[in-house]
Amino acid sequence: MKVAISGAGVAGAAVAHWLYRTGHTPTLIERAPKFRTGGYMIDFWGVGYQVAKRMGIEDRIRTAGYQIERLRSVGSNGEVKADMDVNVLRRIIGDDFTSLPRGDLAAAIYASIEDNVETIFGDGIATIDQDSDGVHLTFEQSPPRDFDLVVGADGLHSNVRRLIFGPDRNFEHYLGCKVAACVVDGYRPRDDLSYVLYNTPGRQVGRFALRGDRTMFLFIFRAEHDDTDESPKAQLRNEFGDAGWECRDILATLDDIDDLYFDVVSQIRMDGWSRGRIALIGDAAGCISLLGGEGTGLAITEAYVLAGELQRADGDHRRAFDAYQALLHPFIESKQAGAARFIGFFAARTRFGLWFRNLALRTMNFGPLATLIAGNVRDDIELPDYGI
Ligand SMILES: Cc1cc2nc3c(=O)[nH]c(=O)nc-3n(C[C@H](O)[C@H](O)[C@H](O)COP(=O)(O)OP(=O)(O)OC[C@H]3O[C@@H](n4cnc5c(N)ncnc54)[C@H](O)[C@@H]3O)c2cc1C
């Protein structure tokens, strides 16, 4: 089948990989003018890591990845408040765990198909018309084309979801925070292989040293959804300008940044992920948010299951889409519930909340307690074997 995929991120590249591998002809349509690389750091583990192994991209991911050793929470003068040994987590979830920039994971997947799969960059789907024979698409730039199926893999603010299912407000559940991330050159200090966190009530900034003398910063702060017309940089300066620690130095680096990532922290909750010949995957279907620390792995898993079910249903897309949803929807719902509970870890509202979070981090250094606290990060799902 000819399958149009909106979005060439982790989900889009992964579903293109599995569809190509099972004999279909996918076409990726990406709004950005070229493949998006870099971006914020992600932890990659769990069921998605197992799918990545089946995709044959583990070596590439490990090479691009960082084996983080410490998660360190500091106070306003840099004093250590809690210092967690990340190997404790590895002992719980196993060695199939690494951290890497989101774009490097997407690039590792894309490299496995880019010579075989058509990608249209700098364009987007304008209209979708489907009937019993297929789907007619018009584009913002390119001439119209016909496909058999369409997959919406275009993220939290999905265009395909809006065109087929309705406006974002019907599905978006705002979790009360905004997030920003950027990468800068030459920042000091570095603290290699340590993720350093600084919090004040309702705010967190994280710093992680990357290869090539680059540093990634992640900002999270509590705010109303549409509370301001200020630019993202102005919002960060307002929130973190007087926050203490290295915040002034970090904010000063923003002047030279032209690709600051900035968004709301929201989940997408939908009852159904498909309509006719159109299906959604990744954040477009069931974003769990950064609080879950597993969105990429879930997106890759969804891509594998969607293509696997199409294969199993011998191309009967209705049967396949129903099976895809039946297998994964309850799992994603449980991940969303778990993620929402983590908000206090990222942006505790009060000083007591921060004290308690640091206590929890310190407690994690004790194996049995860590198993109790972190035990529910394990993925409670059996990955089907489609023989693909
Ligand atoms: C700060 C932060 C930290 C995170 N940390 C982790 C973590 O530790 N571990 C983890 O696993 N996950 C993490 N996540 C979540 C993870 O990044 C997402 O779940 C994952 O990237 C979703 O992949 P996706 O392909 O569905 O969407 P996206 O990554 O958003 O990709 C969507 C793609 O579609 C394109 N697109 C958008 N609109 C259109 C359009 N109209 N037409 C064509 N193309 C379009 C975009 O340019 C993009 O390339 C984090 C997220 C954030 C924001």
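Welcome to a predicted model, where local features need pLDDT of at least 70 and side-chain atom pairs count only at pLDDT 80 or more, while totals for chains, interfaces and linings use all residues. Residues are numbered from 1 along each chain as its sequence is written, and side-chain values use heavy atoms, without hydrogens and water.

H10 is largely enclosed by the rest of the structure, because 15 of its 18 residues are buried (under 20% relative accessible area, 1.4 Å probe, protein chains only). Asp314, with a positive phi near 55°, follows H10.

Now for the sheet. Six strands form an open sheet in the order S7-S2-S1-S11-S18-S17, with mixed pairing; two strands pair if DSSP finds at least two bridges between them. S7 and S17 are at the edges with a single partner strand each, so one side of each has no neighbour in the sheet.

| Strand | Residues |
|---|---|
| S7 | 118-121 |
| S17 | 274-275 |

S2 (residues 25-30) pairs with S7 in the parallel sense over four bridges, and Ile29 has Ile120 in S7 as its bridge partner. Helix H1 (residues 10-21) packs on this sheet, touching S1, S2 and S11; touching means contact, with heavy atoms within 4.5 Å.

Note on methods
Helix = DSSP H or I, 4+ residues; strand = E, 2+ residues; numbered from the N terminus. Axes fitted to C-alpha atoms, helices over the stretch in contact; angles between N-to-C directions. Buried < 20%, exposed > 50% of the residue type's maximum accessible area, 1.4 Å probe, protein only.
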